[in-house]
Amino acid sequence: MANTLENWLRAAPLPLPEARILLQHCTGLSRAQLLTRGRDALDGENEAALSALVQRRLAGEPMAYIVGVREFYGRTFIVNDAVLIPRPETEHLVEATLARLPPQGRLWDLGTGSGAVAVTVALERPDAHVRASDISADALAVAARNAASLGAKLEFAQGSWFAVDRPSETQVYDVVVSNPPYIEAGDVHLQQGDLRFEPQQALTDFSDGLSCLRALAEGAPHVLKAGGWLLLEHGYNQGEAARALLVQHDFVEVATLPDLAGLDRITLGRKPA
Ligand code: GLN
């Protein structure tokens, strides 16, 4: 085998695609350069840097945190361990939001995290007025970096659900959207895979999994216009409970949409006109 960096990488204790990404991340070399340059293109410093990244990956840290980015809706979002790594399921939440946001519409994304939903909507619909809030200042800093690097204009507020530092006028939003923490306390998934490295307060409500969905269903009617929509992402087994919450708070046209795997993932409803 030729003495290329690519062939040398085959000996790394990681799947080759991951090893490639890590080497490119710490050297800045292109994929073509990995195939053509020899092993001697790597100096001791690069090799030490790569070995540190490989160790982190072997310890289970998600690739997105190691390289600091994740693709979402065709764009590159900055991520760090202050925010959940954007999931493909959540692209569906963006689509459902875009379909319901009227021209010049006003959107509030609560618990924005990396800003994946809010920034994407702001870019897809530059006519919209988008507000993004989060309880975590560190998460808002990531969302603001994403807005700046991708060129999105939006408004930020810090606080827990509707109790934010920049209170909104009442009943002005066309769409309220959230991908809140919805995993039940003690769920084994919290101890597995990527979730072990993600902020626990972005994943679980430390309760029955429904308390944030409850707060959102209860608070949204106070900020939504008549006829406005609430869209909530939730767990595959929470569709029935989410619909019941929306019905209890007088939402109409309540429905649950499946994700790409066919599982209940988004429940939505409309404030009566
Ligand atoms: N969908 C995520 C997961 O199960 C959880 C996201 C969330 O709690 N909002 O990995």
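## Exercises on a predicted model

In the protein chain, residues 24 or more positions apart account for 64% of the contacts with a separation of 6 or more, where two residues are in contact if their C-beta atoms, placed from the backbone, lie within 7 Å. The model is predicted, so that local features need pLDDT of at least 70 and side-chain atom pairs count only at pLDDT 80 or more, while totals for chains, interfaces and linings use all residues. Residues are numbered from 1 along each chain as its sequence is written.

**Exercise 1.** Determine how β7 is placed in the fold and which strands pair with it.

*Solution.* Begin with the inventory, which gives 11 helices and 10 strands in the protein chain; these are DSSP runs numbered from the N terminus, helices being H or I of at least four residues and strands E of at least two. Next, take the pairing, which requires that DSSP finds at least two bridges between two strands. Strand β3 (residues 106–110) runs parallel to β7 over four bridges, and Trp108 has Val176 in β7 as its bridge partner. Strand β8 (residues 224–233) also pairs with β7 in the parallel sense, over five bridges, with Val175 opposite Trp229 in β8. Finally, consider burial: a residue is buried if 20 or more other C-beta atoms lie within 10 Å of its own, exposed if 12 or fewer, and partly exposed in between, with C-beta atoms placed from the backbone. Because six of the six residues of β7 are buried, β7 is largely enclosed by the rest of the structure.

**Exercise 2.** Locate Asn179 and Pro181, and decide whether each is buried or exposed.

*Solution.* Asn179 is in the loop between β7 (173–178) and α9 (200–203), and Pro181 lies in the loop between β7 and α9 as well. Asn179 counts as buried because it has 27 C-beta neighbours inside 10 Å, and Pro181 is buried with 21 other C-beta atoms within 10 Å. Leaving aside neighbours within four places in sequence, the contacts of Asn179 include Thr90, Gly111 and Glu233, while those of Pro181 include Gln201, Asp205 and Cys212.

**Exercise 3.** Describe the residues around the ligand and relate them to the UniProt record.

Note on methods
UniProt positions renumbered as here; feature names shortened; annotations may be inferred. Near = placed C-beta within 6 Å.
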